[in-house]
Amino acid sequence: PQTIYLADYQPFGWTIDSVELTFRLFPEATRVLSRIRFAPNPKAPSSGKDFFLHGELLRLISARIDGQEITPVVTPTGLRCAVPSGPFLWEAEVEIAPAANTALEGLYMSNGMYCTQCEAEGFRKITYYPDRPDVMATFKVRIEADLPVLLSNGNPLGQGAGWAEWQDPWPKPAYLFALVAGDLVAHRDSFTTQSGRKVDLAIWVRPGDEDRCAYAMDSLIRSMRWDEEVYGREYDLDIFNIVAVDDFNMGAMENKGLNIFNSKLVLASPETATDDDYARIESVIAHEYFHNWTGNRTTCRDWFQLCLKEGLTVFRDQQFSGDMRSGAVKRIEDVALLRARQFREDQGPLAHPVRPESFVEINNFYTATIYEKGAEIIGMLKTLVGDADYARALDLYFDRHDGEAATIEDWLRVFEDVTGRDLAAFKRWYGQAGTPRLKVAETWEDGTYTLHFEQENPATPGQPHKDAKVIPIAVGLLNPNGDEVVGTTVLEMTQAAQSFRFEGLATKPIPSILRGFSAPVVLQRTTTSAEQAFLLAHDTDLFNRWEAGRALAKSALLAMVQEGAAPAPQWLEALAGLALDPELDPAFRALALRLPGEDELAQALYDAGATPDPDRIQAARREASQALAAKLAPGLPALIAAMSETGAFSADAKAAGRRALKAAALMLQARLDAGQAATAGFASASNMTDQVGALSALLAIGEGQAELQAFEKRWGGNALVMDKWFALQILHAAPERAAELTAELTAHPAFDWKNPNRFRSVLGSLAGNHAGFHRADGAGYRLLADWLLKIDPLNPQTAARMSTAFETWGRYDANRQGHAKAQLDRILAATGLSRDLKEMASRMRG
Ligand code: HT7
Ligand code: ZN
């Protein structure tokens with residue numbers, strides 16, 4: 001397969017004035033008619049004047065230029081033909097088969113409904129077109145089908161029996177095109193913008209689901225208001241539609257005026273959705289809506305610039321959720337996720353820069369690095385320039401690049417122009433992969449306290465040498481009484497080694513470093529448990545309080561794994577104090593009680609030069625939970641009672657925090673009473689969060705079979721809820737049972753392997769069961785490889801995405817490595833392997 005390079009970018013040789021599309025929808029043979037007005041692009045070099053339109057899996061019926069029938073040269077990737085030297089009208093008719101489209105890219109069918117997914121390169125499966133983000137055009141769309149609801153981008157132009165027409169006045173790249181047709185019903189509302197325009201809002205779902213859209217609608221309205229208040233961005237069409245689809249490769253898609261969502265990120269009721277589901281719905285609804293300005297009005301010049309829209313939009317959705325909920329709790333959750341996904345990626349064979357230099361399959365680059373690390377870079381930029389200049393730079397960005405396809409250079413230039421700073425060194429964050437290690441030492445002399453930092457930027461695939469990064473390090477200093485003597489100060493590290501002095505201090509302070517996780521680095525500091533316990537008790541920065549607790553937990557667990565030590569009393573003591581402190585936010589206490597995950601511990605052991613043993617890690621975590629439960633025993637029943645639901649269900653952050661703390665307490669209590677309280681909790685649960693919390697507590701101690709059956713009986717008809725049923729039992733299965741149970745569940749009638757949600761909940765949970773997946777006999781690896789090979793011919797995107805379970809094989813012992821390599825080799829040897837999976841497997845195999 002061909003590698004695409006950033007350095008090879010050339011503008012397209014033509015611009016497009018307007019696009020008119022007519023769809024005659026039939027499952028096996030849909031006709032797509034296109035009328036496109038091309039004109040030579042004055043900005044393109046003459047070498048780029050070879051007229052090539054992308055097109056895949058299309059049957060060309062006819063093509064005309066200025067009304068004259070032509071016969072282009074058609075290949076499996078597109079067509080070529082001679083064109084006039086001036087402007088011309090291109091007309092084509094193609095036939096496609098949405099019912100046969102199992103890749104869920106282009107125009108496909110899901111439960112009898114037509115829908116599209118065009119990002120990144122799916123539009124070329126709909127018609128011949130320059131399918132690249134820098135070609136922007138206005139679209140007019142006519143849909144003809146014997147279906148009640150026919151939707152496309154923009155504003156409605158008209159509709160009648162069996163047809164509808166839509167006009168999108170905003171120029172857009174083809175990846176933002178969308179069409180939906182089906183038997184759908186709407187949950188409706190409206191929003192009046194700050195300038196007084198009324199926007200009709202509709203969430204389209206299958207009949208029967210309309211009463212589970214209220215939270216998504218509420219999230220949309222809050223997002224629209226927030227973007228006006230915080231970024232001054234107003235919505236720009238008369239109507240905003242969201243459609244929920246059951247078969248969808250990712251979470252959602254920001255098509256202009258017609259967002260398409262995975263139904264699990266729209267449908268919610270207290271009985272069927274957990275608090276995590278609610279929080280995710282809120283953030284993804286916001287994310288897709290925010291793309292209207294960061295992604296749609298200003299888009300990316302090419303796919304190497306993907307982080308331009310994704311990093312910024314993730315940053316914006318994180319800000320939004322932080323404002324809607326607790327900012328500190330949201331930050332802790334985001335950092336936990338960043339470490340679990342992005343740090344893992346950055347430290348393995350799939351590490352790549354936030355702006356890659358090359359790719360084979362762009363769908364493989366919708367990664368934690370592009371999204372999450374991309375968002376961290378925006379956060380660092382904001383920290384460095386300050387809130388006011390950040391706001392001015394964003395205003396300039398929206399103004400200067402509206403209607404354009406921009407680059408990272410354009411993005412950084414607005415900050416340079418607003419602040420007068422030179423961001424050349426900062427830009428390394430975009431070009432260099434890998435997570436910097438930040439070593440800290442301290443000296444104290446005559447009232448002067450000095451922090452000495454050294455950064456190391458480890459080699460990553462294809463990038464052996466790195467330059468120093470610009471690292472904003474937010475620091476606060478506390479005196480031994482716990483008073484803050486130096487408030488949060490941002491130190492700007494620009495060199496490989498750098499020291500910062502604090503003068504005039506009466507006593508040697510205790511530093512709180514990297515407050516709010518001000519940069520995506522691994523902080524390496526030799527410190528005492530006493531100091532960590534002190535910070536856990538006194539730090540004014542809630543993030544660093546959590547961080548101190550996590551550091552204590554991590555070192556306690558590592559000592560248990562490596563030295564067979566007993567759970568550290570200091571850690572148990574500190575955590576018990578915090579868990580039972582009624583002054584603290586329950587959501588924060590619940591997060592503090594969460595032990596570092598098995599995968600995180602495996603990475604920490606590997607970083608320390610050890611070979612992680614998944615079974616020992618699992619045993620140590622279990623033992624640590626047991627010890628924590630014993631430590632907290634006297635307070636647990638009262639804590640559970642205090643956090644138990646009173647009154648009507650509320651999905652707000654406060655109520656969710658109480659449920660989270662209750663679930664954490666129930667999990668510990670189950671280790672003391674053989675699951676008695678959890679059994680009662682399951683029986684009395686009146687919402688899905690409590691039900692899942694109680695069931696997890698039981699499964700974690702090897703109980704809960706009766707409850708699993710009851711759950712299946714009650715929810716067997718609800719596929720999204722059954723995803724939880726599959727996931728919970730596989731995630732909690734004993735290592736020696738995990739692969740076998742997964743195999744059994746793939747035969748369950750509710751397991752439709754062609755549906756990406758089902759596939760992820762079953763096979764993804766096997767990969768998420770650390771000791772079960774990395775089993776010494778290789779059964780976990782074998783089973784996953786079997787299923788990747790099975791799904792790859794139908795849905796390469798899902799296969800490639802799920803294959804990342806193998807990315808950490810290099811951490812483990814030779815026996816496990818042998819098993820993992822054998823499966824990667826088996827995958828690579830398969831005939832007809834997709835470009836997606838082939839690229840991933842070969843990068844991981846090395
Ligand atoms: N911009 C979208 C990314 C995307 C996608 C979504 C659904 C299916 C396939 C997809 N490929 C790329 C989603 C987002 O980040 O907002
Ligand atoms: Zn996005």
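## Overall make-up

The protein chain holds 27 helices and 31 strands; helices (H or I, at least four residues) and strands (E, at least two) are DSSP runs, numbered from the N terminus. This is a predicted model, in which local features need pLDDT of at least 70 and side-chain atom pairs count only at pLDDT 80 or more, while totals for chains, interfaces and linings use all residues. Residues are numbered from 1 along each chain as its sequence is written, and chains are lettered from A and ligands numbered from 1 in the order in which they are written.

## Size and packing

A compact globule of 846 residues would have a radius of gyration near 28 Å, and the 27 Å of the protein chain agrees with this. The radius is taken over C-alpha atoms, and the globule rule is 2.2 Å times the number of residues to the power 0.38. The C-alpha trace spans about 85 × 65 × 60 Å along its principal axes.

Of the 846 residues, 51% count as buried, meaning that 20 or more other C-beta atoms lie within 10 Å of the residue's own, with C-beta atoms placed from the backbone. Among contacts between residues at least 6 apart in sequence, 69% join residues at least 24 apart; a contact requires C-beta atoms, placed from the backbone, within 7 Å.

## The sheet E4-E8-E7

Three strands form an open sheet in the order E4-E8-E7, with antiparallel pairing. Strand E4 (52–54) and strand E7 (73–75) stand at the edges with a single partner strand each, so one side of each has no neighbour in the sheet. From one strand to the next the twist averages 20°, with axes fitted as lines to C-alpha atoms and angles running from 0 to 180 degrees between N-to-C directions.

E4 is joined to strand E8 (residues 78–80) by three bridges; two strands pair if DSSP finds at least two bridges between them. Phe 52 has Arg 80 of E8 as its bridge partner.

## Strand E13

Strand E13 (residues 149–152) is covered on both faces: Val 149 and Leu 151 are buried on one side, Leu 150 and Ser 152 on the other. Four bridges join E13 to strand E16 (residues 179–182), and the two run antiparallel. The bridge partner of Leu 150 in E16 is Ala 181.

## Around ligand 1

There are 13 residues around ligand 1, and Gln 117, Glu 119, Asn 249, Met 250 and Met 253 come nearest. A residue belongs here if its C-beta atom, placed from the backbone, lies within 6 Å of the molecule. Strand E20 (252–253) and helix H2 (275–290) are the elements that give two or more residues to this shell.

How values were computed:
Buried ≥ 20, exposed ≤ 12 C-beta atoms within 10 Å, placed from the backbone. Contact = placed C-beta atoms within 7 Å.
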